[in-house]
Amino acid sequence: MTEDKTKKDLVMNALEKVIDPELGIDIVNLGLIYEVEIENEDEAVITMTLTTMGCPLSDMLHDTITAAVKSVEGIKNCEIELVWYPIWDISKMSRYARVALGIPEGFGA
């Protein structure tokens, strides 16, 4: 496993601790994280979306994500690229998130 792959895994693990305050599920299991890239060995670039445009908690989530990513040893900077395509829907959620939110199996798949 390369060093970048390890850092990428550590960043994803850190992001699993960032909880969406409205839904009470972490942003990884909600399917909001589309990609994590490590650049220059110490910068994480997070490509993500939100469940809705104009989410009132986007600033708070930005700060929480940045803090979580920077908590990973060797990561000094965090850039968040917010995208709206592909459009988020419940099919992007993990099975864990669906069960936790009471979404029936196969719904939205």
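A: Begin with the word contact, which here means heavy atoms within 4.5 Å. Keep in mind that this is a predicted model.

Q: Which residues is Ile46 in contact with, leaving aside its neighbours within four places in sequence?
A: Ile46 touches Val11, Leu15, Ile33, Glu35, Val36, Val69, Cys78, Glu79, Ile80 and Glu81.

Q: Ile80 is on that list. Where is Ile80 placed?
A: Ile80 belongs to strand E3, which covers residues 77–82.

Q: Is Ile80 buried or exposed?
A: Buried means under 20% relative accessible area. Ile80 has 18% relative accessibility, so Ile80 counts as buried.

Q: What is in contact with Ile80, apart from its neighbours within four places in sequence?
A: The contacts of Ile80 are Ile46, Met48, His62, Ile65 and Thr66. His62 is 18 residues away from Ile80 along the chain, and the two C-alpha atoms are separated by 7.6 Å.

Q: How do I read the sheet that E3 belongs to?
A: Strands of a sheet pair through backbone hydrogen bonds, either parallel or antiparallel. In this model, three strands form an open sheet in the order E1-E2-E3, and the pairing is mixed. Strand E1 (33–39) and E3 are the edge strands, each pairing on one side only. Neighbouring strands of the sheet are turned by 15 degrees against each other on average, direction ignored.

Q: In which sense do E2 and E3 pair, and over how many bridges?
A: Strand E2 (residues 43–48) pairs with E3 in the parallel sense, over six bridges. As one case, Thr47 has Glu81 in E3 as its bridge partner.

Q: Which helix lies across E2 and E3?
A: That is helix H2, residues 58–70, which runs at about 140 degrees to E3. Thr66 is part of H2. With 16% relative accessibility, Thr66 counts as buried. Beyond its neighbours within four places in sequence, Thr66 is in contact with Cys78 and Ile80. A polar atom of the Thr66 side chain also lies 2.9 Å from the backbone oxygen of His62.

Q: What should I look for in a nonpolar core?
A: In soluble globular proteins, nonpolar side chains tend to be buried together. The largest nonpolar core here has 29 residues, of which Val11, Leu15, Ile46, Ile65 and Val69 touch the most other members. At least two residues each come from helix H1 (3–15), E1, E2, H2 and E3.

Q: Which element supplies the largest share of this core?
A: H2 does, with four residues.

Definitions and conventions:
Residues are numbered from 1 along each chain as its sequence is written. This is a predicted model: local features need pLDDT of at least 70, side-chain atom pairs count only at pLDDT 80 or more; totals for chains, interfaces and linings use all residues. Side-chain values use heavy atoms; hydrogens and water are left out. Buried means under 20% relative accessible area, exposed over 50%, partly exposed in between (1.4 Å probe, protein chains only). Two strands pair if DSSP finds at least two bridges between them. Axes are lines fitted to C-alpha atoms, for helices over the stretch in contact, and angles run from 0 to 180 degrees between N-to-C directions. A polar contact is a pair of N or O atoms within 3.5 Å; within protein, one must be able to donate a hydrogen and the other to accept it, and residues adjacent in sequence count only if both atoms are side-chain atoms. A nonpolar core is a set of buried Ala, Val, Leu, Ile, Met, Phe, Trp, Tyr and Cys residues joined through side-chain atoms within 4.5 Å.
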